[in-house]
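Subject: Structure for your review

Dear colleague,

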Amino acid sequence: MPASRRTGEARRRGDELLSIGAVLAFLRDDFPEVTISKIRFLEAEGLVEPQRTPSGYRKFSAADVERLAYVLRMQRDHYLPLRVIREHLDAIERGEQPPALPGAESRPGPLEEADRELAAAAAAPGGVRLGRAELIAAAEAQERELVEWESYGLVQPGPDGGYDGEALQIARLVAELGRFGLEPRHLRAMKAAAEREVALVEQVVAPLRRHRNPQTRAHAEATARELATLSVRLHAAMVQAGLRARS
């Protein structure tokens with residue numbers, strides 16, 4: 001049964017509140033990728049505010065289920081970030097028409113997406129350390145998924161067992177690719193390509209890093225970052241050109 005019919009059924013039940021497991025059952029037909037962790041994450045992000053029993057259990061109304069279905073639909077069909085979806089929901093609550101949805105032709109291409117990811121990485125606070133549970137929640141993933149990512153070397157904890165901002169970014173991207181059916185075993189080629197690019201960058205900056213002058217060593221780090229950015233943009237441009245050639 002589609003989620004719209006299921007939420008309609010929930011609404012017909014009047015004031016009956018649903019457990020998180022029942023909500024998951026309502027949504028799973030239309031959104032098979034949804035998990036309890038995903039619902040909890042959307043709650044933590046303020047997209048839905050279920051009631052709580054005196055024992056602390058979540059109880060969702062029909063309106064909560066509709067909000068969750070809307071969020072999941074906007075993510076799946078229109079690739080909207082949560083910030084924009086929240087603006088849509090706020091407009092609907094005020095009785096206003098939500099902003100127009102972007103058409104397929106206005107969606108960013110691979111090069112634009114690469115620039116966005118690089119900008120987000122540059123803006124991330126330095127020294128971020130996440131625990132295992134925090135990384136899983138932030139990536140909207142599950143423990144078994146993280147175990148698999150680690151087994152393929154896609155995500156690795158630091159010596160202290162924590163994860164930095166780059167590990168979080170990789171985890172989020174791997175999770176997103178997984179929603180399109182790409183499994184960690186499919187991403188080994190990407191990891192191997194990245195390692196080859198790292199080796200190329202190291203060929204350029206290694207002599208600078210060994211220099212006695214501290215300014216030269218600092219220049220090596222700046223050069224490495226610039227080369228990494230150019231490498232990512234070149235890869236994105238080649239993907240974009242390849243996709244255009246096939247269209």
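A crossing of two helices is called right-handed if the near helix is turned clockwise from the far one by less than a right angle, and left-handed if anticlockwise. Please bear in mind that this is a predicted model.

By that convention, the crossing of α2 and α4 is right-handed. The contact involves Val23, Phe26 and Leu27 on the α2 side, and Val65, Leu68, Ala69 and Leu72 on the α4 side. By class, these residues comprise seven nonpolar, no polar and no charged.

As to geometry, two packed helices are described by the angle between their axes and the distance between the axes. For helix α2 (residues 20–28) and helix α4 (residues 62–78), the axes come within 11 Å and cross at roughly 45°. An angle under 35 degrees would count as roughly parallel, and one of 65 to 115 as roughly perpendicular; α2 and α4 are therefore oblique to each other.

I turn next to the nonpolar cores. The largest has 26 residues, of which Val23, Leu27, Ile39, Leu42, Leu68 and Ile85 touch the most other members. At least two residues of this core come from each of α2, α3 (36–44), α4 and α5 (82–93). The most are given by α4, with seven residues.

Beyond its neighbours within four places in sequence, Ile39 is in contact with Ile20, Val23, Leu24, Val34, Phe60 and Leu68. There is also a second, separate core of 17 residues, with Leu135, Ala139, Val155 and Ala167 among them.

With kind regards

Methods:
Residues are numbered from 1 along each chain as its sequence is written. This is a predicted model: local features need pLDDT of at least 70, side-chain atom pairs count only at pLDDT 80 or more; totals for chains, interfaces and linings use all residues. Side-chain values use heavy atoms; hydrogens and water are left out. Axes are lines fitted to C-alpha atoms, for helices over the stretch in contact, and angles run from 0 to 180 degrees between N-to-C directions. Helices (H or I, at least four residues) and strands (E, at least two) are DSSP runs, numbered from the N terminus. Angles under 35 degrees count as roughly parallel, over 145 as roughly antiparallel, 65 to 115 as roughly perpendicular and the rest as oblique. Contact means heavy atoms within 4.5 Å. Ala, Val, Leu, Ile, Met, Phe, Trp, Tyr, Cys and Pro count as nonpolar, Asp, Glu, Lys and Arg as charged, and the others, Gly among them, as polar. A nonpolar core is a set of buried Ala, Val, Leu, Ile, Met, Phe, Trp, Tyr and Cys residues joined through side-chain atoms within 4.5 Å. Buried means under 20% relative accessible area, exposed over 50%, partly exposed in between (1.4 Å probe, protein chains only).
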